[in-house]
Amino acid sequence: MSTLLVKHAALLVTMDDHRQEIPDGGLFVRDGFIEQVAPTRVLPAQADEVLDLSDHIILPGLINTHHHFYQTLTRAVPAAQDANLFNWLKTLYPIWGRMTPEDIRLSTQTALAELALSGCTTASDHLYIFPNGSKLDDEIQAGMEVGIRLHASRGSMSLGESKGGLPPDSVVEAEDFILSDSQRLIETYHDPKPGASIRVVLAPCSPFSVTAELMRQSAMLAREYGCQLHTHLAETQDEEVFCLEKFGYRPVEYMDTLGWLGSDVWFAHSVHVMDEEIHTYARTGSGVAHCPTSNMRLASGIAPILEMLRAGVKVGLGVDGSASNDGSHMLEEVRQAMLLARVRAALQGASLSVEGSSPLMTARQALEIATRGSAAVLGRDDLGSLQPGKCADFFAINLNRLDYAGALHDPVASIVFCAPVRSDFTIVGGKPVVENGQLTTIDLSRHIHQHNQAAQRLLLG
Ligand SMILES: [Zn+2]
């Protein structure tokens, strides 16, 4: 049994059902779970560990619902800087095809370090390319060393160019092997219990890189074990045309024919969805990982997020892979979600109303997507808010800094409206992964050097 007392936060944002924000707030934690959330004066005075967070704002840990860690090795590649999705992929597939297990390990730790330093306490990753003997095990084992929770998706590609798919044949796998490896990974690593550090997800990559049969078989296997399902969907207009031509359906309709709608499924992007498809998501409980920076970077479009929220769709936030973002900063992504929703509102002719509700996404709404929303999308009722019984996953930022000077009349809004900063403390299950702005688990100076060497080798071929 071990206890942690966190006290004297300038403001503690609970994101509980009443959205309480507690001045001079704190938490009492026992064995990784929250026992009490309250003003400091009513919390126990003693604990095994005590953390005084005077001058800091505390928020529930941010939860990233979509990433491709390996892409940290191919950020800002010149030939892929100004391409749309399909051309971007065709440029990068051959480079990714040179990766080794060591590259997967390095890139996983780079992405998770960046995420942790931006307030992220749980990340979902989608690894769908396994060249030169790489396995999802390489990612999971490297990820555990960093210390934030990981939902590792066993991605897959089986539809190569010769069968009408987008990826070259050299990077696709046989479907029998994909399914047997998926089963092995679930049996080895998947932990369904509250407070789990590792969960396994099955995630055929996209409609244009796998067959209908692999989608169906993956869904059956995941449901046998109670795992979640994930894929890219309705990201671009090119994908919509591909689905209509190859399958005779729009992307969401196609998912319906495959048994791929439900509360155990979430889709990355969903930029090009119509009103009735939004209602299909709401009715079936299917979730969405919103990736605003990536959608801007690849000129994919603007996802109708406020429409989804109004319809009752579960929406979480994702930074997406680092070749289409190219940073893994969750707080920056929160800001982008808020701003991009406002561009959409402007394009639709909405204006800011002073009285009553605003048609513009607020800072608190954007933070809610990244916390409660993301937790719901990942099927985690033990994460996403700070309240008794939930995991002690939170981050804290010192408000006394240049970036927020003049904005402290509303500290919650400040951390979204002002320039994104790094987390000072990121705590996962009551344990510090970031302390005083420094990662506690891996030595970054050595790591960055190794990562850059690996990236250079991949690009030179
Ligand atoms: Zn993606």
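Reader: What is tryptophan 88 in contact with, leaving aside its neighbours within four places in sequence?

Author: This is a predicted model, to be clear. In it, tryptophan 88 contacts Gln71, Ala80, Ala83, Trp96, Arg297, Leu298, Ala323 and Ser324. Trp88 and Trp96 are also the residues with the most contacts inside the largest nonpolar core, which has 120 residues.

Reader: And which helix gives the most to this core?

Author: That's H1, with eight residues. There is also a second, separate core of 18 residues, with Ile34, Ile58, Leu386 and Ala392 among them.

Reader: OK, switching to the metal. Which residues are the protein donors of the zinc ion?

Author: His66, His68 and His232, each through NE2, plus Asp320 through OD. They lie 2.1 to 2.5 Å from the zinc ion.

Reader: Why is the arrangement around the zinc ion irregular?

Author: Because the angles between the four donor atoms run from 87 to 174 degrees, while a tetrahedral call needs all angles between 85 and 135.

Reader: Last one: where is threonine 426 found?

Author: In strand S15, residues 425–428. Threonine 426 counts as buried because its relative accessibility is 0%. Its side chain makes a polar contact with the side chain of serine 423, at 2.8 Å.

Note on methods
Residues are numbered from 1 along each chain as its sequence is written. This is a predicted model: local features need pLDDT of at least 70, side-chain atom pairs count only at pLDDT 80 or more; totals for chains, interfaces and linings use all residues. Side-chain values use heavy atoms; hydrogens and water are left out. Donors are N, O and S atoms within 2.8 Å of the metal (3.2 Å for Na, K and Ca); water is not among the atoms, so sites may look incomplete. Four donors count as tetrahedral if all angles lie between 85 and 135 degrees; four count as square planar and six as octahedral if opposite donors are over 155 degrees apart and all others between 65 and 115; anything else is irregular. A nonpolar core is a set of buried Ala, Val, Leu, Ile, Met, Phe, Trp, Tyr and Cys residues joined through side-chain atoms within 4.5 Å. Buried means under 20% relative accessible area, exposed over 50%, partly exposed in between (1.4 Å probe, protein chains only). Helices (H or I, at least four residues) and strands (E, at least two) are DSSP runs, numbered from the N terminus. Contact means heavy atoms within 4.5 Å. A polar contact is a pair of N or O atoms within 3.5 Å; within protein, one must be able to donate a hydrogen and the other to accept it, and residues adjacent in sequence count only if both atoms are side-chain atoms.
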